[in-house]
Amino acid sequence: MNKNQMNRRDFLKAGGIGTAALALSTSGLMSLGNDKIFAGTTKNHKARGGYGPLVKDPGGVMDLPRGFQYRIISEEGGKLSDGRPIPAKFDGMAAYAGPHNSTILVRNHELSGNTKYPVIGKNPYRREETGGTTSLVVGPDRKVRKEYVSSSGTIRNCAGGATPWGTWLTCEETLEEGHGYVFEVDPNDPENKLSKTPIREMGAFSHEATAVDPATGIVYLTEDAGPSYLYRYLPVDRSPKMGALQKGGQLQAAAIEEMSSYETSDFHTGKKFDIVWKDVDPEKPTLDAGRKGCIAFSRLEGAYFEGGVFWFDDTSAGEKALGRVYRYIPATNTLELFYESTAQNDLEMPDNICITPWGDLWIAEDGGGVDRVIGLTPEGESYVFAENKSGDSELAGPTFSSDGQTFFVNIQSPGMTFAIWGPFARKNAARRRLMGHAPPPAAYAPKISDNLSAFAEVQGMSDLEAAAFERHGMPIL
């Protein structure tokens, strides 16, 4: 085995950090119909420590912290607006601002073959297939006004990603011939021609998720297979508009920079690795990436782009196979192992992800047991926000409304979509920026007063930014 091969193997065995599990509470909840109202304070919590212990849901569906409540807004087997059944196997999802303060959700259905509740569309890619997407128009009262099929005729629509121009990229997680592609869905123009047009240059492989860099138009893609590779798509047309991705482009896979020098003792959480991108054949990208020595991950899942940083996770990686979270910074072309779980209580098998309005990373678990929504702070600390008590099905599709007041998430089977609200932290652009950069260790971080820290949070500044103003004699308080 040569030195470069050793580097790649050791990179994928990089060490991680662990955090203490959060204790759970079993009191303080009352039920009002389908809404679960959690008694207690409605004060905005500082997001750094999460939202405290979970409160037991007497309905046995979803435990949440005190002060939060949920409504089940859609269930498989219910009725779409046209009277047909709501398809099963809810998965990836994104939220868009709609008219009259509404939110439009686009939701994947990971279906294949015969199923009781298939996606049945009017303009399918292939009429015999049962996967696709549905869309929900949710009013400011968090109740569904309209629910309809937005694409159909595909297979195992697992995840995908929102585009900066307001469409949804739905991904097929399959290697079946004629499938394994990405399709663009317009929530405002359901089942149009684009929704049945595969973007072939983005590759035929077992797709999981996508994320678009709004500054460059580059699309990053994860692969849910073994081995699994990280890709990017360089569109010929970088215009931020619907249909531009279909005009062609180059697919590439990530590899460790061959000229870089690494020692095995250097591999640890926070270590950055120089990356190069290698062209691969979109018709057989997995095979091509392997032949060209690209990084073979365990099983890549969720993807999200925020503040110049591409986030993704590897669901079964690490010394204990509990999962890892990575961040790639295009500006420096570096890849960093941000977090590795070393205990099931901290994180088990991360799947879909999103960045919250206040700057934490939220992760839906797919551990095959009691799955949760886990938060990660910029400081690399984890906390629990929600826990699925209805069964052993995965959580999927975490996303926030554009105003940051409502969190939407799915239970895959039996399919349920939740609207969750309560004392979420305020929008905080500074923490969202901080999530893309490693903060100094607490012992070396600047010290500021609690008043200045609170004021900085309200103003959308980080403690570091407030300390810099104070240090240079620019009073802000």
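Guide: In this predicted model, N101 is exposed, with a relative accessible area of 67%. N101 sits in the loop between strand 6 and strand 7 (103-109), and its phi is near 65°, a positive value in a residue other than glycine. Most residues other than glycine have a negative phi. K89 belongs to the loop between strand 5 (69-75) and strand 6 (90-97), and K89 is partly exposed, with a relative accessible area of 26%.

Most peptide bonds are trans. The bond from G226 to P227, however, is cis, with omega near -5°, and P227 is found in the loop between strand 14 and strand 15 (230-235). Another cis peptide bond joins S413 and P414, where omega is about -10°; P414 is placed in the loop between strand 27 (407-411) and strand 28 (416-421).

Strand 14 (residues 219-223) includes E223. E223 is buried yet has no salt bridge, and the nearest side chain of opposite charge, R299, is 11 Å away. The side chain of E223 does make a polar contact of 2.3 Å with the side chain of T286. Leaving aside neighbours within four places in sequence, the residues in contact with E223 include F205, Y229, Y231 and L300.

How values were computed. Residues numbered from 1 in each chain as written. Predicted model: local features only at pLDDT ≥ 70, side-chain atom pairs only at ≥ 80, totals over all residues. Heavy atoms only, no water. Helix = DSSP H or I, 4+ residues; strand = E, 2+ residues; numbered from the N terminus. Buried < 20%, exposed > 50% of the residue type's maximum accessible area, 1.4 Å probe, protein only. Lys, Arg positive; Asp, Glu negative; His and termini not counted. Salt bridge = Lys/Arg side-chain N within 4 Å of Asp/Glu carboxyl O. Polar contact = N/O pair within 3.5 Å; in protein donor to acceptor, adjacent residues only side chain to side chain. Contact = heavy atoms within 4.5 Å.
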